[in-house]
Structures are given as C-alpha cells and as structure tokens.
Amino acid sequence: MRVLLVEDEPDLAQALARGLRRQGYAVDVAENGERGWELGEVNDYDLLILDLNLPDMDGLEVCRRLRSSKPGLLILMLTARDRVMDKVIGLDSGADDYLTKPFHFEELLARVRALLRRDLRVREPILRVGDLKLDPASRIAWVGRRRLNLTHKEFGILEYLMRRAGEVVSQEELIEHVWNEDVNLFTSSVRVHVHSLRRKLEDDAKCPRYIETVPGGGYRLRNPGEDQ
Ligand code: CA
C-alpha cells in the first residue's frame with residue numbers, strides 16, 4: 001500500500017515515515033502543502049496522511065483539491081488542535097478520519113489499518129485466491145497451510161496481485177503501488193522481486209500455477225475460480 005505523508009515538522013515526518021516503512025508501507029514524504037498536492041496529483045496513492053497546519057497551502061486546501069481530483073483517495077488528517085469546529089471543517093473538506101496530536105504511533109497505525117479495511121478494495125480483511133491466503137492487517141501470507149516468509153516488497157507485490165486477481169497488472173503499476181518515490185527504479189528490479197516471490201511460492205515461470213508473465217511486461221495472478 002502506498003502512502004503519502006504531508007507533514008512540515010521534519011522530526012515527526014521522519015519518525016512516522018520510518019515507522020510506517022517498517023510496517024511495510026511504501027511512504028513518500030512532502031514537507032509542505034504545495035509539494036504534497038503535486039505528489040498527490042501525479043502519483044497513485046492509496047492513503048494520504050495530511051497535517052492540517054502547514055506553512056504554505058494548508059491541509060484543508062490540499063484535502064479539498066485532492067479530494068476532487070482523486071475521489072478514491074483515503075485521507076487521514078492530523079492536527080494539533082482538538083476543537084470541535086476544526087474536526088467539523090476537516091471532515092467537511094473530505095477527510096475520512098481525524099487524529100489529534102500528540103498521538104501514539106500505535107494509534108496512527110490502528111487508524112490507518114481501519115481506513116484501509118473500510119476502503120472498498122480492502123473490504124474483505126483476508127484475501128483468498130485459490131490456495132493463497134493473505135492477511136493485510138497482520139501481514140502474513142500462506143500457500144495452502146504453509147506460511148510464506150516474504151520480504152516487504154514480495155508481500156506488497158503478492159497483495160496487489162491478489163487484489164487484482166485474474167487481471168493483467170503492468171510492472172509500472174506494481175512500481176506505483178509497492179515502491180515509494182525515492183527509489184530510482186527500473187522494471188528489471190520488479191522482475192527480480194517477482195522472481196524471488198515465485199521461488200517462495202514454488203511456482204514455475206514456464207508453467208505457472210500462480211503468477212503468469214504477460215507479454216509486454218505485465219503479470220497476472222491466476223484465479224482458479226475463473227479457469228476453464
Ligand atoms: Ca504542522
């Protein structure tokens with residue numbers, strides 16, 4: 001899942017980004033509203049964590065703009081204020097949830113998980129495709145009864161392919177959803193991670209049971225329910 005964090009306090013931004021990355025989220029950080037808005041427009045994020053009080057374009061404005069251009073984007077607003085009026089304004093501007101500073105990192109994580117679960121794409125908490133099973137909340141995946149030992153990237157790739165099971169997913173789309181902006185990435189690096197994921201699934205690229213390579217640089221997770 002790809003997250004954009006817009007926060008102007010550098011220490012807080014770095015600490016949150018580090019913590020979220022440790023949980024396996026791909027995180028980009030913007031240090032002001034203008035930059036946050038730009039990144040939000042050009043990239044395809046699953047979740048926006050947005051500070052309300054920003055030095056230039058404030059969080060409400062960023063929220064309004066991105067809400068109108070990216071209707072499916074989930075938005076969690078952070079604020080130092082706890083006045084009822086601000087909550088009303090924040091939620092009116094299109095935020096999905098609200099967290100008042102200071103907060104514990106665990107609470108932020110719980111809100112993030114709850115929002116992602118609430119999202120239509122993640123309504124089903126445990127994903128199942130054939131004998132593959134994946135729990136986005138606990139970040140555990142199984143093939144049959146065997147628990148897979150996956151890296152963050154492999155897990156991200158498998159999760160995304162499972163959410164889109166049966167559909168062709170391009171390497172660019174995987175980069176967009178599984179990596180963050182800082183990474184100077186080539187599609188060859190996606191291939192490396194898919195290769196190691198296949199190895200762990202004991203899948204054979206030439207005769208795939210799970211992940212098919214589609215000519216033109218994409219992948220498709222076979223959905224046994226749709227075969228024949
Ligand atoms: Ca601030």
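**Figure 1. An open sheet of three strands runs in the order E10-E12-E11, with antiparallel pairing.** Strand E10 (168-170) and strand E11 (211-214) are the edge strands, and each has a single partner, so one side of each is left without a neighbour in the sheet. From one strand to the next, the twist averages 35°. Please keep in mind, as you go through these views, that the model is predicted.

**Figure 2. Here we look at the pairing of E11 with strand E12 (residues 218-221).** The two strands pair in the antiparallel sense, and four bridges join them.

**Figure 3. A calcium ion is held by Asp8, Asp51 and Asn53.** Along the chain, the donors follow the spacing D-x42-D-x1-N. Asp8 and Asp51 link distant parts of the chain, being 43 residues apart. Asp8 belongs to the loop between strand E1 (2-6) and helix H1 (10-22), whereas Asp51 belongs to strand E3 (residues 47-51). Are these two aspartates buried or exposed? Asp8 has a relative accessible area of 28%, so it counts as partly exposed. Asp51 has a relative accessible area of 1%, under the 20% cut-off, and is therefore buried.

**Figure 4. Two charged side chains sit over tryptophan rings: Arg65 over Trp37 and Lys133 over Trp142.** The charged end of Arg65 is 4.5 Å from the centre of the Trp37 ring. For Lys133, the charged end lies 4.6 Å from the centre of the ring of Trp142. If you go looking for aromatic pairs as well, a search of the whole structure finds zero.

**Figure 5. Stepping back, the protein chain has eight helices and 12 strands.** Of its 228 residues, 50% are buried. How many of the contacts between residues at least 6 apart in sequence join residues at least 24 apart? In the protein chain, the share is 58%.

Definitions and conventions: Residues are numbered from 1 along each chain as its sequence is written. This is a predicted model: local features need pLDDT of at least 70, side-chain atom pairs count only at pLDDT 80 or more; totals for chains, interfaces and linings use all residues. Side-chain values use heavy atoms; hydrogens and water are left out. Rings of Phe, Tyr and Trp (its six-membered ring) pair if their centres lie within 6.5 Å; planes under 30 degrees apart count as stacked, over 60 as edge-to-face and the rest as tilted. A charge sits over a ring if NZ of Lys or CZ of Arg is within 6 Å of the ring centre and within 35 degrees of the ring normal. Two strands pair if DSSP finds at least two bridges between them. Axes are lines fitted to C-alpha atoms, for helices over the stretch in contact, and angles run from 0 to 180 degrees between N-to-C directions. Donors are N, O and S atoms within 2.8 Å of the metal (3.2 Å for Na, K and Ca); water is not among the atoms, so sites may look incomplete. Buried means under 20% relative accessible area, exposed over 50%, partly exposed in between (1.4 Å probe, protein chains only). Contact means heavy atoms within 4.5 Å.
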